[in-house]
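Have the viewer open as you read.

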Amino acid sequence: MAFWSNWGRSAWREFESGDASGVVELTKRQSTISLTKQGAASGNLRINLSWQMRTSDFNSRAARGSLRHPLRMFKPEPVQAQGPAMVNVDLDLAVMYELKSGSKGVVQPLGEFFGNLNEAPYVKLSGDDRFGSGSGETVYVNMDHKDDIKRLLVFVYIYDGTPAFDRTHGLVTLYPSNGPRVEIALDERAPQARSCAVVLIENVKGEMMVRREVKYVYGFQAELDRLYGWGLQWGRGYKSKV
């Protein structure tokens with residue numbers, strides 16, 4: 001742990017990879033991609049969560065009129081409930097892992113389970129972003145150990161603040177060692193959800209498959225665990241104060 005704790009941001013850049021020239025967006029219609037077939041089942045897979053705390057919809061309305069609907073500008077807007085002008089939320093990126101050995105666990109900021117890249121579980125979280133900075137939060141997966149990995153569930157949860165996945169511009173991006181980056185947007189309407197299973201990475205007969213999930217739940221890790229049958233024991237945890 002001491003080795004990792006002494007690393008700065010510049011050290012993490014050594015692991016950043018992926019071809020920035022292209023992008024594949026996983027949607028309900030196009031929900032899977034094979035890392036093996038695009039030659040990206042080796043090296044380091046970088047998974048990034050970016051998000052922003054933003055003003056509420058009350059203060060960010062779209063333009064009233066348009067050329068296609070010129071009369072819309074004369075239509076009165078529906079009355080909206082007044083609320084806080086700023087969405088205050090702390091999104092966390094995390095991964096549940098299951099290895100071929102039967103070992104299971106989680107890599108997440110809560111509890112400071114930051115993982116390990118060169119030893120089991122071969123998943124490492126770079127740190128905890130509590131304020132929605134430009135760099136966000138990043139997880140690295142050592143794909144050179146793909147034969148040791150059975151499945152990885154990448155999920156996002158709201159540790160504290162307003163449940164507002166639809167108002168935080170959440171975006172999970174995968175940067176494989178080869179080929180285009182893969183984007184999954186978290187902008188669906190789930191106003192009370194606290195957690196979201198974003199993507200499942202599975203070793204299917206030696207082929208590393210990525211499948212979009214985007215399943216929102218109203219609880220936390222334990223509810224996602226039950227949904228995917230992970231079988232872990234969960235307890236309540238807290239972060240240290242900033």
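Predicted model: local features only at pLDDT ≥ 70, side-chain atom pairs only at ≥ 80, totals over all residues.

## Two positive phi values

Start with Glu112, which sits in the loop between strand S5 (104–107) and S6; helices (H or I, at least four residues) and strands (E, at least two) are DSSP runs, numbered from the N terminus. Glu112 isn't a glycine, yet its phi is positive, at about 55 degrees. With a relative accessible area of 54%, Glu112 is exposed (buried means under 20% relative accessible area, exposed over 50%, partly exposed in between, with a 1.4 Å probe and protein chains only).

Lys205 is another non-glycine with a positive phi, near 55 degrees. You'll find Lys205 in the loop between strand S12 (195–204) and strand S13 (207–217), exposed at 87% relative accessible area.

Residues are numbered from 1 along each chain as its sequence is written, and side-chain values use heavy atoms, with hydrogens and water left out.

Mean pLDDT (the predictor's confidence in each residue, from 0 to 100) is 78 for the chain, with 67% of residues at 70 or more. Residues 1–20 fall below 50, though this stretch has 31 contacts beyond near neighbours in sequence (contact means heavy atoms within 4.5 Å).

## A cis proline and a buried Asn

Ala120 and Pro121 are joined by a cis peptide bond, omega about 15 degrees.

Asn142, in strand S8 (residues 137–142), is buried at 6% relative accessibility. Its contacts beyond four places in sequence include Tyr122 and Leu117.
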